[in-house]
Amino acid sequence: MIDAKADVAELRIAGRRIKVLKETLPRAMVPALNRVGQQVKTRASRKVRETYDIKAKEINQRVTLRRSTKDSMITDLRWRGGNLPIIKFRTNPNKPRDPMKPPPKVLRASVKRSGMKPVPGAFVTKVGRGEHLGVFKRAGRRRLPIREVMGPAVPVMVNNPEIIDDLETFARDTLDRRLDHEMTRQLKKEGFE
């Protein structure tokens, strides 16, 4: 003999659980996506600095993180900006020379962490009213004009194949963990253990 009352009660409980899961998933997804976005931003800065000789400040001020909302479940990270002046990387010397001291033989710079490389004909100086500090080279044999020596842009550094592959894997793994954590937290609020 089949007890129909017990089956109906179990179906109601299962239906309630499905309804709670349906309502809980969007509420769990938003904080999970936002946390993953922040963690990917931090990891991207760390990974770029492992490959390139640049400070975190230079990377972090060129990134925009658009957070997820309940209406738009998208977390968007964008790096912007053009090529960075080589002075933002490691250079030696890194300030204008003292006129009382002899000039260095050659300016050396390190864009990637592979070591300092010579930049023949380059020098460090301040130009313009705002006294912009940079590494410059003469455009020809004459004293002027001079042009600033530039390095890669932040978006180019982040799009390095090794860095982007690592970030994609990290984002997927972190989202799985964060979503599981947020679902458990939301379900506890609803009274499910």
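Asp 76 is buried, with a relative accessible area of 18% (buried means under 20% relative accessible area, exposed over 50% and partly exposed in between, with a 1.4 Å probe and protein chains only). The model is predicted, so local features need pLDDT of at least 70 and side-chain atom pairs count only at pLDDT 80 or more, while totals for chains, interfaces and linings use all residues. Residues are numbered from 1 along each chain as its sequence is written, and side-chain values use heavy atoms, with hydrogens and water left out.

**Surroundings of Asp 76**

- Asp 76 lies in strand E2, residues 76-79 (helices, H or I with at least four residues, and strands, E with at least two, are DSSP runs numbered from the N terminus).
- The side chains of Asp 76 and Arg 78 are joined by a polar contact of 2.6 Å (a pair of N or O atoms within 3.5 Å; within protein, one must be able to donate a hydrogen and the other to accept it, and residues adjacent in sequence count only if both atoms are side-chain atoms).
- Beyond its neighbours within four places in sequence, Asp 76 is in contact with Thr 64, Leu 65 and Arg 66 (contact means heavy atoms within 4.5 Å).

**Helix H4**

- The 29 residues of helix H4 (residues 161-189) should span 42 Å, which agrees with the 42 Å between its end C-alpha atoms (the expected span is 1.5 Å times one less than the number of residues).
- The buried residues of H4 are Ile 163, Leu 167, Phe 170, Thr 174, Arg 178, Glu 182, Met 183 and Gln 186.

**Sheet E4-E5-E6**

- An open sheet is formed by 3 strands in the order E4-E5-E6, with antiparallel pairing (two strands pair if DSSP finds at least two bridges between them).
- Strands E4 (90-92) and E6 (117-119) stand at the edges with a single partner strand each, so one side of each has no neighbour in the sheet.
- E4 and strand E5 (residues 107-110) pair in the antiparallel sense over 3 bridges, and Arg 90 stands opposite Ser 110 in E5.

**Nonpolar cores**

- In the largest nonpolar core, of 18 residues, Val 48, Ile 54, Trp 79, Val 154 and Met 157 touch the most other members (a core is a set of buried Ala, Val, Leu, Ile, Met, Phe, Trp, Tyr and Cys residues joined through side-chain atoms within 4.5 Å).
- Helix H1 (4-51), E2, helix H3 (154-158) and H4 each give two or more residues to this core, and H1 gives the most, with 4 residues.
- A second, separate core of 9 residues includes Ile 86, Ala 109, Val 124 and Val 135.
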